[in-house]
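Work through the following exercises with the sequence and the model at hand. Each task is followed by a solution that goes step by step.

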Amino acid sequence: MPWKLPGFHKSKTMPCSISRGRTAKDHKKRLVSKDGDIMFEVRNVNERWRFLVDLFTSLVALKWRWVMLLFCASYVLSWLAFGGLWALLVVGYGPGYCVEQVNDFTSAFYFSVETQQTIGYGGRQVTTNCVIAGLLLQAQSVIGNFIECVALGLIFTKIIRPIKRAKTVVFSKKMLVNKRGGKMCLLFRLTDLRESQIVESHVRLQMFNTMEEDGRVYPFHQQDLEVKYDWNSDSDKQDQLFLLLPLTIVHVIDENSPFYDLTPQTLLTSRFELVAVLDGIVESTGMNTQAKTSYLPDEILWGHDFVNLFPEDQFDNFDKTTGKFFVNFEHLDEVMSAELPNCSARDQHELSLTRSSII
């Protein structure tokens, strides 16, 4: 038997009363935001050198404003550094000896910019009087090319990252408790807004909760919850989605679920977080992407169901002009009240067994 959530106890009230849901409130204490951002950070890291070992990944993870600042600073600092070296040649050999028309730091800085960016206005040029000037010219050319390759590679990598692609995957704002096929279930809805698909997509639902075992407390204990889109099927491969239409993802609350003793009353006082994750490959780029959201207890509505996005006659959503089906995403988060016993799945199961024995 799996462990149960603290505070979930078997109800003594039978038969069950009927509930039509409750109102949810905002809550900010979460590991994953509703938009999929990680609300977790590591502090007091003494081994910061580990980030330097994988420097390019650390740079890619920087915010755009820091990347652009680094991009500009790398060029300006290299111009200034080599400008100072060209100025030293003026001090050591005299004006115009190694480089024509370079007589002070200002003209040396301009020559540094022209050399590294291959501008070549035609006035300043290296002479054959000193070998060191030729070596410095080659060094600045190589280092300048290296800076350009790293900077452009960093910017290109940030542009093609599929993080923003995950923003077009939309999860329902609320999770619902209702019945499917006579079974109590947790429900949430997701869809993709783009025509280009996320292929090989997989959906997961994980619960973070404080677990008590053998007198020890384990905060943020992580547990996988089984999810499916066809609640009548016993297939174990239903986490693999063909994300063509908006899908309602289902977690069946049975004896293997930690929510087997969940009631509206215990839901009000429970503290846990459910994180829904969609992994897949972006069809247009072939890169992996991940969309996430989370649900807290006050974002779970008891005795509600999603409004159907399609009419009973599915061909009413067919546009003859374009030759395509369509769906109105304005109703993605709309819910309606549904009659649901105001007791746990365990009590409902035992009640059905009692009635069966009487009959």
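**Exercise 1. The enclosed space**

Determine how many cavities of 30 Å³ or more there are, and which residues line the largest cavity.

Step 1. A cavity is a set of points, on a 1 Å grid over the protein atoms alone, where a 1.4 Å probe fits but cannot get out; grid points are joined across faces, edges and corners, and a volume is the space filled by probe spheres set on the points. By this rule the count is 1 cavity of 30 Å³ or more, and the largest cavity has a volume of about 40 Å³. The model is a predicted one, in which local features need pLDDT of at least 70 and side-chain atom pairs count only at pLDDT 80 or more, while totals for chains, interfaces and linings use all residues. Residues are numbered from 1 along each chain as its sequence is written, and side-chain values use heavy atoms, with hydrogens and water left out.

Step 2. Lining residues have an atom within 4 Å of a point, and for the largest cavity they are Trp86, Leu89, Val90, Gly94, Pro95, Gly96, Tyr97, Cys98, Val99 and Val102.

Step 3. Sorted by class (Ala, Val, Leu, Ile, Met, Phe, Trp, Tyr, Cys and Pro as nonpolar, Asp, Glu, Lys and Arg as charged, the others, Gly among them, as polar), this lining has 8 nonpolar, 2 polar and no charged residues.

**Exercise 2. The disulfide**

Find which cysteines the disulfide joins, and decide whether each of the two is buried or exposed.

Step 1. With a disulfide taken as a pair of cysteine sulfur atoms within 2.5 Å, the structure holds 1 disulfide. Cys98 is joined to Cys130, with an S to S distance of 2.1 Å.

Step 2. The bond links distant parts of the chain, 32 residues apart: Cys98 is in the loop between H3 and helix H4 (105-116), and Cys130 is in the loop between H4 and helix H5 (131-160). Helices here are DSSP runs (H or I, at least four residues), as are strands (E, at least two), numbered from the N terminus.

Step 3. Buried means under 20% relative accessible area, exposed over 50%, and partly exposed in between (1.4 Å probe, protein chains only). Cys98, at 3%, therefore counts as buried, and Cys130, at 7%, is buried too. Cys98 is also one of the residues that line the largest cavity.

Step 4. For two further cysteines, Cys185 has a relative accessible area of 0% and is therefore buried, whereas Cys72, at 44%, counts as partly exposed.

**Exercise 3. Aromatic rings**

Explain why the pair of Tyr75 and Trp79 is classed as it is, and state where the two residues lie.

Step 1. Rings of Phe, Tyr and Trp (its six-membered ring) pair if their centres lie within 6.5 Å, and planes under 30 degrees apart count as stacked, over 60 as edge-to-face and the rest as tilted. The structure holds 8 aromatic pairs. In one of them, the centres of the Tyr75 and Trp79 rings are 6.1 Å apart and the planes are at 50°, so the pair is tilted.

Step 2. Both residues belong to helix H3 (residues 64-93), where they are 4 residues apart, about one turn of the helix. Tyr75 counts as buried at 10% relative accessibility, and Trp79 counts as buried at 18%.

Step 3. Phe109 and Tyr110 form another tilted pair, at 6.2 Å centre to centre and 55° between the planes; Tyr110, at 43% relative accessibility, counts as partly exposed.

Step 4. Phe71, Tyr75 and Trp79 form one aromatic cluster.

**Exercise 4. The largest pocket**

State what volume the largest pocket has, and which element gives the largest share of its lining.

Step 1. A pocket is an open set of points with protein on both sides within 12 Å along at least five of seven lines, and the largest pocket has a volume of about 900 Å³.

Step 2. It is lined by 31 residues, of which Leu244, Leu245, Pro246, Phe310 and Val327 are the closest to its centre.

Step 3. Strands S4 (183-192), S8 (247-252), S12 (304-306) and S14 (324-325) are the elements that give two or more residues to this lining, and the largest share, 3 residues, comes from S4. By class, the lining has 17 nonpolar, 6 polar and 8 charged residues.
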